[in-house]
Amino acid sequence: MKNPVPAGESGGGVANAIVGTGIIVGLACLIGLPVGIGAGLYLAEFGSGRLGWIVRFVADVLNGTPSIVVGIFAWTWLVKPMGHFSALAGSVALAILMVPMLARTTEEMVRLVPHSLREAALALGYPRWRTSLRIVARTALAGIVTSSLVGVARIAGETAPLLFTALGNLNFTTHILEPMQALSLQIYTYATGPFDEWHRLAWAAAIVLMGLVLLLAVAARSAIRQGPPHGAAR
Amino acid sequence: MTALPIEPVPAPEPRWRALRGVNAGDRIYRGTLTVLAVTLPLLLLALVGELVVSAWPAIRRFGPHFLWTSVWDPVAGVFGAAPMIFGTIASSLLALVIAVPLSLGVAIFLTEFAPKRVRQPIAFLVELLAAIPSVVYGLWGVFVLIPFLRAQVVPPLRVVLGWTPFFDGVFYGNSLLAGGVILAIMIVPYIAAVSREVLLAVPGSQREAALGMGATRWEAVWTAVVPYGRAGLIGAIILGLGRALGETMAVTMLIGNRHDIGLSVLQPAYTMAAAIANEFSEATTNLYLSALFEVGLLLFVITVVVNALARLLIWQVARGTAVGSRAL
């Protein structure tokens, strides 16, 4: 839980990177989760028309986009006009990676909700939007949580989009408009550096990052297994 | 015909209005979701537009020569992406050569041969491999894989195949081979997961028919199950290829980053993604930056084409089921 020390000195830690990853990923979730889940709900509820087809196709295309390309896109969009690197730009890049994936998985989870539930709610005089939110989305909640966790796990370890956005920072900062360190960036710097001490820190940071990502993956898996009421999700 | 006198319709009671299809809440709900959904196409348009605009100076300057010139000289302002294009394709193909037999083996084992009890745990472990961050693969590659290749793999390879141009030259560690092997490890979980879903989608009757004809289980797999799912399996492989093409961090750390085209896998090479990662923050001139954007644009176009192809093939096998999209 220490901050880094100058090269050549022993000791030091990656506290700034752990906090940085937390902030960058958290902010990415704030941006990405509503858009991704909303788009997924749209696809499941109203997505049978032409717009639905386009959105689905675009989500698949964006899903396969190399993360480094998203990184340089975020650079031209946010870093260049603002004139400096920032954690916010990193979060936006990560959110762009997260949204298409989330949209598609949310759609699938919501589609698994049996039609009879929806019909029952409509027959009781519920308007469509309340049916959709309070019955359908609620039933699919475990599935949606799962896909969110999988999405977070995927972006938490991303490095390439952060190279030219969050940049990295040797100091501790919580200011989202400044460059910020992230675990993945720190591993990259330390692993490619020449010092043995750095290499040891890189392994340590890797363990922390792996622990975080695997925890999310396992949490996602157990959320699937518990399943929502009515056995709607797999 | 005389029109019947129409009596004024009494205003419906509020209760009725709520029951009829559209009310204000519905409109707001649908509108909000539509706006969120439309973000995606707008994002794609912005992405493509931004890339093209930023790459335009380089496109205008070098034209199609950009694709087959192998000079990359920031000082003289001459840029050609041939070594990177070559390196990207070569490392991805090398990865496929290693990963395809392995991941198809895993998928076939998991769907056809493995005892029921171990199927889920193994499938889960394979999926966990996909969750490991790329930079961690890179770290592992630098400190574990390269020493292993240098000590255990390259010497025997050289003895057996040293006479071919593919294993020529001195092996320093960072090389096409190291990049290809790490890519292979990274794409196995993707190919295995999608292939497994494709194989699960093959109807049981195909298997039973082959077994009923007296085929062994092995023969049933190769004569009935695999041919039935062939398009989907090819789709899975191409999906893996798409991943490999765009992979950045691990490859950057292992491939050696040299602007060269050589046949030997023991030599350093370069990929498009690695070039962007390494040089983007050092690009001093506008033309340099623009050339890197053009590399990014090329990479984007290639991966989109590859992914679209993969999806078409997977849809062919699994029409109506959610195969493919789920594994991603």
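**Exercise 1.** In which loop of chain B does Asn257(B) lie? Determine also whether Asn257(B) is buried or exposed, and describe its phi.

*Solution.* The model is a predicted one.
Step 1: locate the residue. Asn257(B) belongs to the loop that runs between α11 and α12 of chain B.
Step 2: examine the backbone. Its phi is near 55°, a positive value although the residue is not glycine. As a general rule, most residues other than glycine have a negative phi.
Step 3: count the surroundings. Around Asn257(B) there are 21 other C-beta atoms within 10 Å. The cut-off for a buried residue is 20 or more, so Asn257(B) is classed as buried.

**Exercise 2.** Describe the fold of chain A by its secondary structure, its extent and its contacts.

*Solution.* 
Step 1: list the elements. Chain A has nine helices and zero strands, which gives the pattern α-α-α-α-α-α-α-α-α along the sequence.
Step 2: take the extent. The C-alpha trace of chain A spans about 70 × 40 × 25 Å along its principal axes.
Step 3: Of the 234 residues in chain A, 54% are buried.
Step 4: Among contacts in chain A with a separation of 6 or more, 75% join residues 24 or more positions apart.

**Exercise 3.** Which residues have the most contacts inside the largest nonpolar core, and which residues does Ile187(A) touch?

*Solution.* 
Step 1: identify the core. It has 182 residues, and Ile187(A) and Ile182(B) have the most contacts inside it.
Step 2: find the main contributor. Helix α7 (residues 176-201) of chain B supplies the largest share of this core, 19 residues.
Step 3: list the partners. Leaving aside residues up to four places away in sequence, Ile187(A) touches Ala202(A), Ala205(A), Ala206(A) and Leu209(A), together with Val135(B), Val136(B) and Leu139(B).

**Exercise 4.** How do α4(B) and α7(B) pack, in angle and axis distance?

*Solution.* 
Step 1: Helix α4 (residues 82-113) of chain B meets α7(B) at an angle of about 35°, and the axes are 6 Å apart.
Step 2: assign the hand. This crossing of α4(B) and α7(B) is right-handed.
Step 3: classify the residues. The contact comprises 22 nonpolar, seven polar and one charged.

**Exercise 5.** How many residues of chain B are in contact with chain A, and which element gives the largest share of that side?

*Solution.* 
Step 1: count. On chain B, 55 residues are in contact with 58 residues of chain A.
Step 2: assign. Helix α2(B) gives the largest share of the chain B side, 18 residues.
Step 3: classify. That side has 34 nonpolar, 16 polar and five charged residues.

Methods: Residues numbered from 1 in each chain as written. Chains lettered and ligands numbered in written order. Predicted model: local features only at pLDDT ≥ 70, side-chain atom pairs only at ≥ 80, totals over all residues. Core = buried A, V, L, I, M, F, W, Y, C linked by C-beta atoms within 7 Å. Buried ≥ 20, exposed ≤ 12 C-beta atoms within 10 Å, placed from the backbone. Helix = DSSP H or I, 4+ residues; strand = E, 2+ residues; numbered from the N terminus. Contact = placed C-beta atoms within 7 Å. Nonpolar A, V, L, I, M, F, W, Y, C, P; charged D, E, K, R; others polar. Axes fitted to C-alpha atoms, helices over the stretch in contact; angles between N-to-C directions. Left-handed = near helix turned anticlockwise from the far one by under 90°.
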